[in-house]
Amino acid sequence: SRFNPRNLPVVLFTDGRNETLDSTFPVIDSHNFTDQIWMMTLTAEHVGIPVSTVDLVVNHWRYAQGRGKIYPTECYNEFKEEYVMDQGFKLRVPSEGVGGGSIEENPTPENDKNESELQVPLEGVGGESIEENPTPEDDQNKLELEVPSEGVGGVSIENDQTRQNDQKEYLCIGLFADNCNRILSLARGKRKAEELGLELCMVDSRMNDWYYSWFDPSPHVKITQPGEMVNCVRNMTGKQAYYHDFKNQRAGNPFLPQLAKYFLPRKDLRERVEKAMATTYGETPILSVHRRNHRSCWWRATEGTYGRNVGGGTNCSKSTMVTMCGLSYADVQSRFNPRNLPVVLFTDGRNETLDSTFPVIDSHNFTDQIWMMTLTAEHVGIPVSTVDLVVNHWRYAQGRGKIYPTECYNEFKEEYVMDPSHF
């Protein structure tokens, strides 16, 4: 209504911190931050944030190329022809540009060989149309998205099997968000790979350090190196993998056996944490409580008709989820501690007033804390949190079935318990 008088196609470049507003845009770019900054200098017109230094830099680089239209115009230096530089900006992009600008329609052969074409996803983040409950047809269409020739994160992906280093057939995925969301992307991607009769390959080599900080090398997941060629017969972005079979309403998320079967933390991490647990808390059974005070907790708890429960339970009410976002020690004692176990709080530290109501607050690092919460006698989680979704699966695999609020999580079954040798 304010900034698009030419009715140009719109592409959003976002920090991803407000999914509700982001989802109102038809196209969300998924390139890395550095690439995105230069992309925003190449568009026909641009809408910036006056308080952001990102758009201050983008504006200068746009003016240097003679691209003077940036909104809101009253918040930026007025464009002057003297700002335009004669530097031969020869980047090759599609003839319609990013967001509709016509840019360098006749590049020189040298530029054509040296510069790759920037690609804008067709729909959603990373190219996918995000569905809460995709139909099989939608799911099939999502898996057939084309991966750029340079791959995700710089990995060269080829389908010519005569040029493969590895002749196996893979479902290739990127990773989504961070930590527990990434772990869920891997586990759900693995489930989809099994459904398709394929191996799983994590193609974003930028995530390799993250992967090995959590997991031991595994024959069940192919980790690519920069420039390695793999036979990706199907492709999913990290977000597509994360949302595969994902339901956040009362239908419940199906239990995910692959999470504990293939994606337990590294053995040395588990052993270190188990020693730290014994040293810090002894052999006494304890009740662990995970508490977060991020503002997203409340809007997820109240989202839609039923709220955004990711835990898998079918009777999790909005009022329960709201309570869990503002959990106090008194709440825990009155609702979730019938055995009167010693209570240890694992918190994001964003509400010192509520945190201070707990007698013991754990101070280990986040990675260690996640495994610690799988080792306690009983656990209180937050239904909107993927941290507790991961913790719950790892607890069930060890036979630790009690997690509160019980109505918000998949029901414990003996078949979920794995042989102790797995650990």
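Reader: Let's start with two cysteines: are C316 and C408 buried or exposed?

Author: Keep in mind that this is a predicted model. A residue counts as buried when its relative accessible area is under 20%. C316 falls in that class, and C408 does too, so the word for both is buried.

Reader: What joins C316 to C408, and which hand does it have?

Author: The two sulfur atoms are 2.0 Å apart, and a disulfide joins the cysteines. C316 sits in the loop between α11 and α12, while C408 is in the segment after β12, so the link spans 92 residues of the chain. The torsion about the S-S bond is about 75°, so this disulfide is right-handed.

Reader: How many disulfides are there, and what is the pairing of the bonded cysteines in sequence order?

Author: The count comes to three disulfides. One joins C172 to C232, another is formed by C297 and C325, and C316 to C408 is one as well. Numbered in sequence order, the bonded cysteines pair as 1-2, 3-5, 4-6.

Reader: Which hand does the disulfide of C172 and C232 have?

Author: C172 is in strand β5 and C232 in strand β8, 60 residues apart. Both cysteines are buried. The torsion about their S-S bond is about -85°, so the disulfide is left-handed.

Reader: How many residues apart in sequence are the parts that C297 and C325 tie together?

Author: The sulfur atoms of C297 and C325 are 2.0 Å apart, and they form a disulfide. C297 lies in helix α11 (residues 296–301) and C325 in helix α12 (residues 318–325), so the parts they tie together are 28 residues apart.

Reader: On to the rings: is the pair Y63 and Y83 stacked or edge-to-face?

Author: Y63 lies in helix α3 and Y83 in the loop between β3 and α4, so the pair ties together parts 20 residues apart in sequence. Y63 is buried at 6% relative accessibility, while Y83 is partly exposed at 33%. Their ring centres are 6.0 Å apart with the planes at 5°, and planes under 30 degrees apart count as stacked, so this pair is stacked.

Reader: And what about Y396 and F412: stacked or edge-to-face?

Author: Y396 belongs to helix α16 and F412 to the segment after β12. Y396 is buried, with a relative accessible area of 3%, whereas F412 is partly exposed at 23%. Their ring centres are 5.1 Å apart and the planes make 75°, which is over 60, so the pair is edge-to-face.

Reader: Which residue lies over the face of Y262?

Author: Y262 is part of one aromatic cluster, whose members include W210, F263 and W394. At 4.9 Å from the ring centre of Y262, the residue over its face is K190.

Reader: Last one: which helix gives the most to the lining of the second largest pocket?

Author: This pocket has a volume of about 290 Å³ and is lined by 16 residues, with M277 and R400 among those nearest its centre. The lining divides into nine nonpolar, four polar and three charged residues. Both α10 and α15 supply at least two residues, but the one that gives the most, with four residues, is α10.

Definitions and conventions:
Residues numbered from 1 in each chain as written. Predicted model: local features only at pLDDT ≥ 70, side-chain atom pairs only at ≥ 80, totals over all residues. Heavy atoms only, no water. Phe/Tyr/Trp six-rings, centres within 6.5 Å; stacked < 30°, edge-to-face > 60°. Buried < 20%, exposed > 50% of the residue type's maximum accessible area, 1.4 Å probe, protein only. Lys NZ or Arg CZ within 6 Å of the ring centre and 35° of its normal. 1 Å grid on protein atoms, 1.4 Å probe; cavity = no way out; pocket = protein on both sides within 12 Å on 5 of 7 lines; lining within 4 Å. Points joined across faces, edges and corners; volume = space filled by probe spheres on them. Nonpolar A, V, L, I, M, F, W, Y, C, P; charged D, E, K, R; others polar. Disulfide = S-S within 2.5 Å.
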